[in-house]
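Okay, thanks for coming, everyone.

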Amino acid sequence: MILYFSATGNTRWVVQQIAEALCEEAVYIPEAIRHGQYEYTLKEGERIGFCFPTHGWQPPRIVRDFISHLHIANVSGHFCWALTTCGDNMGEAMAILNKELAQKGMRAETLFSIIMPETYVCLPMMHTDPEEKVQRKVDEASRRMSHIISTIKECRKGVVELEKGPVPMLLSYVIGSYFNRQMVNDKGFAVDTAVCIQCGKCANVCPVDNIEGTPPKWLHNGQCTSCLACYHYCPVHAISKGERTKTRGQYYFRPPLTPPVGGEKGDQ
């Protein structure tokens with residue numbers, strides 16, 4: 001079983017390949033939350049994996065909240081692994097994940113990070129990648145998939161392949177803590193009603209159901225995970241989060257030009 005979160009499709013693409021190659025069930029965390037599904041029982045020999053994008057050098061808040069309610073009845077003895085996607089590095093995101101998994105009697109012993117195209121554009125100097133760099137990152141990720149899939153299939157413990165960055169403790173526990181405490185919210189989201197075509201896509205892609213109506217209104221209910229799916233999927237770039245994003249690019253995962261190894265091309 002793979003428990004995963006994805007907003008703009010990078011992590012979903014990875015999960016689809018692993019799930020298909022290993023015949024694993026993939027559980028989308030926002031959907032599990034909608035249905036109050038926090039209790040699971042693993043089949044004999046079943047693996048348990050956690051996959052998510054790095055948000056501010058930490059696991060996304062929605063993932064951490066889900067784990068805080070998670071109960072797996074028979075987790076002892078089952079191979080546990082985790083994978084995060086990130087734009088360049090992920091700091092100590094896996095150490096934070098394992099600290100929270102420990103409270104549920106789990107530890108991810110095999111860990112991966114995969115560099116994927118950038119999605120966060122709300123801070124100075126943060127932009128989406130140019131198309132050529134997007135393709136380079138996806139091609140490199142594709143080349144790694146067969147190794148990752150075989151490692152998980154064989155339940156190889158102790159494999160740790162992480163891009164932590166130059167100062168991971170500072171990134172995750174200082175900068176990341178401030179980011180996730182102060183900037184993970186729906187403040188600053190706005191829509192240009194003169195441009196909005198009222199298609200409703202932003203509400204449909206919001207993983208926490210924090211948007212309603214057309215033109216969209218953010219509910220300010222404390223659930224926003226700052227994934228920027230609403231911003232990136234808007235077909236006319238009518239959504240912004242602060243002034244600087246009005247001139248920033250958009251990105252969501254599209255099938256790569258070259259097929260990945262070990263699974264499907266991806267979705268959206």
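Let's start with Leu 3: beyond its neighbours within four places in sequence, Leu 3 is in contact with Val 27, Ile 29, Tyr 40, Ile 48, Gly 49, Phe 50, Cys 51, Phe 66 and Leu 70. Keep in mind that this is a predicted model.

As a general point, nonpolar side chains in soluble globular proteins tend to be buried together.

Okay, on to the backbone. Most residues other than glycine have a negative phi, and most peptide bonds are trans. Here are some exceptions.

First up, Cys 23. Its phi is positive, near 55 degrees, and it isn't a glycine. You'll find Cys 23 in the loop between helix 1 (10–22) and strand 2 (26–28). Is Cys 23 buried or exposed? Cys 23 counts as exposed, because its relative accessibility is 72%.

Now Leu 228, another non-glycine with a positive phi, about 70 degrees. Leu 228 is in the loop between strand 11 and helix 8 (229–233). This one is buried, with a relative accessible area of 1%.

Last one: the peptide bond between Thr 214 and Pro 215 is cis, with omega about -5 degrees. Pro 215 is in the loop that runs between strand 10 (211–212) and strand 11 (217–218).

That's my tour, thanks.

Note on methods:
Residues are numbered from 1 along each chain as its sequence is written. This is a predicted model: local features need pLDDT of at least 70, side-chain atom pairs count only at pLDDT 80 or more; totals for chains, interfaces and linings use all residues. Side-chain values use heavy atoms; hydrogens and water are left out. Helices (H or I, at least four residues) and strands (E, at least two) are DSSP runs, numbered from the N terminus. Buried means under 20% relative accessible area, exposed over 50%, partly exposed in between (1.4 Å probe, protein chains only). Contact means heavy atoms within 4.5 Å.
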